[in-house]
Amino acid sequence: MTTAIDFSDPAIQANPYPVYERLRDESPVVWNEPTNSWLISRYDDIVTLLNDPRVSSARVDATFRVLPEDIQQELEPLRHVLSQRMLLTDPPTHTRLK
């Protein structure tokens, strides 16, 4: 299922809980077009994903690979720094940093 939730909407920012409840009840796993990402809204599903070795936090390289080569080279120092951040790494690097 695809949805479009604009989390920058002032009404949602003022009170996001009805949106969260609707997601949990109707669409616990949904692709959100505005953020170009999956939204997972149920606690047990999130815990399962966080503990599944097939799901990676190391997304820096994949993000940079879609950029043109000249931009990749220009942003290489940023890619290097981001790829060392604990929240953007997988074990064993994540475990060591943690």
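**Entry 1: the model**
I am working from a predicted model, so local features are taken where pLDDT is at least 70. Side-chain atom pairs count only at pLDDT 80 or more.

**Entry 2: salt bridges**
I began with the charged side chains and asked how many salt bridges there are. The count comes to 3.

I looked up Arg54 and found its side chain in a salt bridge with Asp52, at 2.6 Å from N to O. Are the two partners buried or exposed? Arg54 has a relative accessible area of 73%, so I put it down as exposed. Asp52 is at 16% relative accessibility, so that one goes down as buried.

Next I went to Arg79. Asp61 is partly exposed, because its relative accessible area is 36%, and Arg79 counts as buried because its value is 19%, against a limit of under 20%.

Arg79 has another partner, Glu76, and there the closest N and O atoms are 2.8 Å apart. Glu76 and Arg79 are both in helix α6, 3 residues apart, or about one turn of the helix. I noted Glu76 as partly exposed, with a relative accessible area of 34%. Taken together, Asp61, Glu76 and Arg79 are linked in a network of salt bridges.

**Entry 3: the largest pocket**
Rolling a probe the size of a water molecule over the atoms shows where empty space is left. I looked up the largest pocket and read off about 460 Å³ of space. Its lining is made of 17 residues, and I wanted to know which of them lie nearest the centre. They are Leu49, Leu50, Val55, Ser56 and Ser57. The elements that give two or more residues to this lining are α3 (43-50) and α7. Helix α3 gives the most, with 3 residues.

**Entry 4: a nonpolar patch**
On the surface I found a nonpolar patch formed by Met86, Leu87 and Leu97. Together they have about 270 Å² of accessible area. I followed up Met86 and asked where it sits. Met86 is in the loop between α6 (76-82) and α7 (93-97). Its relative accessible area is 32%, so I logged Met86 as partly exposed.

**Entry 5: Pro28**
Last, I looked up Pro28, which I found in the loop between α2 (17-26) and β2 (29-32). Is Pro28 buried or exposed? At 18% relative accessibility, Pro28 counts as buried, because the limit is under 20%.

Definitions and conventions
Residues are numbered from 1 along each chain as its sequence is written. Side-chain values use heavy atoms; hydrogens and water are left out. Patches are made of residues with over 30% relative accessible area and no salt bridge: like charges are joined within 9 Å, nonpolar side chains (Val, Leu, Ile, Met, Phe, Trp, Tyr) within 5 Å. Accessible areas come from the Shrake-Rupley method with a 1.4 Å probe; for residues, only the protein chains shown count as cover. A salt bridge is a side-chain nitrogen of Lys or Arg within 4 Å of a carboxyl oxygen of Asp or Glu. Helices (H or I, at least four residues) and strands (E, at least two) are DSSP runs, numbered from the N terminus. Buried means under 20% relative accessible area, exposed over 50%, partly exposed in between (1.4 Å probe, protein chains only). On a 1 Å grid over the protein atoms alone, a cavity is a set of points where a 1.4 Å probe fits but cannot get out, and a pocket is an open set with protein on both sides within 12 Å along at least five of seven lines; lining residues have an atom within 4 Å of a point. Grid points are joined across faces, edges and corners, and a volume is the space filled by probe spheres set on the points.
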